[in-house]
Amino acid sequence: MIQVNLKKVVDDTYSIDIGKGNSPKLPSLLKKLVPAFRYIIITDSNVAKLYGKTFLFHFEKEKLNASLVSFRAGEENKTRETKAELENKILQHSAGKDSVIIALGGGVVGDVAGFVASTLFRGIPFVQVPTTLLAQVDSSNGGKTAVDHPLGKNLIGAYHQPKHICIDTDFLKTLSQEEYVNGIAEIIKQALIQDEKFFLFLEKEMEKLVNRDEKILKTTIEWNCKLKASIIEKDEREIGPRKILNFGHTIGHAIETLSQYKLRHGYAVSVGMVAESLIAKELGWLKENDVQRIENILKRVKLPTRLPKSISPITILKKMQLDKKSKEGKIKYSLIDKVGHCEFNVGVENEIALRCMRGIME
Ligand code: ADP
Ligand code: ZN
């Protein structure tokens, strides 16, 4: 018998740079941080129109070899077909192993471009340049890349960590308020699961954050990214602690799917957080006052706190049972036991979940 010894020590360390006006400075930074013969910028049709030319220009100014490829914007295009089309275009640009992919866009771009980078030439480096608030505080950080399948979201993908994340708050200026608020839901979640001080800060500064006050925005993104990074460092593959990021998502994800994605991720997670906070209250973990605080902050941002009429608690329960989160009958949740702390793998009786969801019907 031949033994192939392949014990590995991997260093996937990456940096996150947060600030206003960061993206024009990115090419010169990449020369040192992620050198490449060619940079392939992947983006979607909306972001290409808004920022494509200028972004490419910054690379040319630094005399770097760069090309831009794009696909039609929208979650419905986060598919294997789009991935294949992008791969064709990239190979036609005669890109080689010494290329680096840059994901310029929201979560959809980050997920597809990261997945392309994970398999092209058996894996090449990539850099995240998130342009939505949701992508800046959540999806760009942590190495999850994927495309959707008709049977579900993110079913085909890989863990592939970026080499660098460039967060430029200037991108947010063109983002609609609806998309902006979508990101605030995840920020509130991050505070609730990990850091009461951050939650107090959000309670104090929420109006400024909603109005995109530059200083508050930067502090918030920084605080949020630090918290999330501390979880990724502990558990990249979501075997344990990373599961706390799913607070509000067990119910939220079912609502999102049942709405056929008409309800945006953050909006569905907002309702999910209220429902799951009520479950935590039933378990004797949260006080009524905590649930009120959570509902209040969500309302101040104009995030929903009630189940849409068209989606019944029983259909949500059935959907959750189909999800892989349900092992041995009981559905497992990530639930906060106080503001700033979260437990994972909490089995909850279906009757309790139903009762809590019925309590917040529109
Ligand atoms: P996510 O909300 O997960 O980041 P998307 O990648 O689908 O999801 O982005 C949401 C929408 O916002 C898409 O239509 C995308 O093209 C658009 N978009 C992304 N960044 C910006 C921006 N900075 N300004 C305006 N629209 C943007
Ligand atoms: Zn989420």
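1. Start with Y51. This residue is buried, with a relative accessible area of 17%. The cut-off for buried is under 20%, so Y51 falls within that class. Keep in mind that this is a predicted model.

2. Now look at the partner of Y51. The ring centres of Y51 and F171 are 4.8 Å apart, and their planes stand at 90 degrees. An angle over 60 degrees counts as edge-to-face, so this pair is edge-to-face. F171 is buried too, with a relative accessible area of 4%.

3. Where do Y51 and F171 lie in the chain? Y51 belongs to helix 2, residues 45–61. F171 is in the loop between strand 8 (164–168) and helix 6 (177–194).

4. Are their rings stacked or edge-to-face? The centres are 6.4 Å apart and the planes are at 20 degrees, so the pair is stacked. Here the cut-off for stacked is under 30 degrees. Both residues sit in helix 7 (residues 196–210), three residues apart, which puts about one helical turn between them. F198 is buried at 0% relative accessibility. F201 is buried as well, with a relative accessible area of 17%.

5. There are six aromatic pairs in total. Ring pairs also link Y39, F55 and F59 into a cluster. Find these three residues in the structure and trace the links between their rings.

6. K83 lies over the face of F115, 4.4 Å from the ring centre. At the ring of Y180, the charged end of R212 sits 4.3 Å from the centre.

7. Turn to ligand 1. Which residues come nearest to this ligand? They are D44, G107, T131, T132 and T174, out of 17 residues around ligand 1. By class, the shell has eight nonpolar, seven polar and two charged residues.

8. Next, ask which helices supply the shell around ligand 1. Helix 2, helix 4 (107–119) and helix 6 each give at least two residues. The largest share, four residues, comes from helix 2.

9. Check the polar contacts of ligand 1 one by one. An oxygen atom of the ligand is 2.7 Å from a polar backbone atom of G107. A nitrogen atom of ligand 1 is 2.9 Å from a polar backbone atom of F171. For T174, the side chain takes part: one of its N or O atoms is 2.7 Å from a nitrogen atom of ligand 1. How much of ligand 1 does the protein bury? Taken alone, ligand 1 exposes 560 Å², and the protein buries 84% of that.

10. Two further residues deserve a look. F71 is in strand 3 (residues 66–71), and it is buried at 6% relative accessibility. Its C-alpha atom is 16 Å from that of T131, 60 residues away along the chain. Q136 lies in helix 5 (residues 133–139) and is buried at 0% relative accessibility. A polar atom in the side chain of Q136 is 3.0 Å from the backbone oxygen of P130.

Definitions and conventions
Residues numbered from 1 in each chain as written. Chains lettered and ligands numbered in written order. Predicted model: local features only at pLDDT ≥ 70, side-chain atom pairs only at ≥ 80, totals over all residues. Heavy atoms only, no water. Phe/Tyr/Trp six-rings, centres within 6.5 Å; stacked < 30°, edge-to-face > 60°. Buried < 20%, exposed > 50% of the residue type's maximum accessible area, 1.4 Å probe, protein only. Lys NZ or Arg CZ within 6 Å of the ring centre and 35° of its normal. Near = heavy atom within 4 Å. Polar contact = N/O pair within 3.5 Å; in protein donor to acceptor, adjacent residues only side chain to side chain. Areas by Shrake-Rupley, 256 points an atom, 1.4 Å probe, with all protein chains shown as cover. Nonpolar A, V, L, I, M, F, W, Y, C, P; charged D, E, K, R; others polar.
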